[in-house]
Amino acid sequence: MSGNTDIFKLVEEVEKQKKASLDDIYSMLDDVKNEEVVDVKPRVYSEQVYSTPSSSSRPTKVTKPSLPKEVTFDTRFECFKSLIEGVDYGDSNSPEYVQGHKKALEHVYQDAYNNPKDLYVVEARVNDEINRMVTKNTLYLKGYYDGLFYALKTLRQSKTLSMDKLAKLLSANLK
């Protein structure tokens with residue numbers, strides 16, 4: 001219930017700000033008697049009542065990292081660790097996004113480090129945290145959310161790769 005009231009308060013605040021901006025523009029236009037729109041427009045923009053998007057406020061490019069193709073490991077935990085360490089963010093990603101992504105990976109890695117023999121528990125915790133995340137309205141939170149998904153993929157991939165490796169060892173010993 002408290003989450004809903006926070007959202008309602010946020011919506012009310014946004015609406016108040018919109019109304020305040022529009023009221024400022026209308027009052028400015030009321031002050032104008034017989035001026036042309038062309039003459040008023042620069043004043044409206046200069047007063048910063050209405051702000052245009054600048055290049056600094058544009059959303060920066062976000063590219064989700066992909067899983068590494070090759071990893072070497074002996075245990076499932078080592079496989080998970082290799083997959084986490086193989087993250088490539090590229091050069092064009094937003095620093096806030098990368099910071100959030102790394103924070104999520106560190107969080108999951110710490111949990112996995114504390115439970116190296118029972119990564120099913122870690123997988124369940126990550127899945128639960130993903131389901132509990134409500135807001136992803138900043139680049140940092142988007143990065144954190146994507147980092148949790150990346151960690152979940154690495155946990156599942158480590159399970160698959162470990163089973164494949166075990167199957168190859170068993171089939172080699174049976175021949």
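Helices (H or I, at least four residues) and strands (E, at least two) are runs assigned by DSSP, and they are numbered from the N terminus. Read that way, the elements of this chain go α-α-α-α-α-α. In other words, you'll find six helices and zero strands.

Before going on, a word on where this comes from. This is a predicted model, where local features need pLDDT of at least 70, side-chain atom pairs count only at pLDDT 80 or more, and totals for chains, interfaces and linings use all residues. Residues are numbered from 1 along each chain as its sequence is written, and side-chain values use heavy atoms, with hydrogens and water left out.

**The chain as a whole**

Let's start with burial. Buried means under 20% relative accessible area, exposed means over 50%, and partly exposed is in between (1.4 Å probe, protein chains only). The chain has 175 residues, and 27% of them count as buried. Its exposed surface comes to about 12,700 Å², with carbon and sulfur atoms supplying 54% of that. These areas come from the Shrake-Rupley method with a 1.4 Å probe; for residues, only the protein chains shown count as cover.

Now for contacts, meaning heavy atoms within 4.5 Å. Among contacts in the chain with a separation of 6 or more, 68% are between residues 24 or more positions apart.

**Salt bridges**

A salt bridge here is a side-chain nitrogen of Lys or Arg within 4 Å of a carboxyl oxygen of Asp or Glu. That rule gives eight of them.

| Glu123 | Arg76 | 3.5 Å |

Which parts of the chain does the Glu123 and Arg76 salt bridge link? Glu123 pairs with Arg76, and this joins distant parts of the chain: Glu123 sits in helix H5 (residues 119-132) and Arg76 in helix H3 (residues 76-85), 47 residues apart. Glu123 is buried at 11% relative accessible area, and Arg76 is buried too, at 15%. Arg76 and Glu123 also belong to a network of salt bridges with Arg156 and Lys159.

Glu85 and Lys81 both lie in helix H3, four residues apart, or about one turn of the helix. Glu85 is exposed at 57% relative accessible area, while Lys81 is partly exposed at 31%.

Over in helix H6 (residues 139-174), Asp146 and Lys142 are likewise four residues apart, about one turn. Is Asp146 buried or exposed? Asp146 is buried, with a relative accessible area of 7%, whereas Lys142 is partly exposed at 29%.
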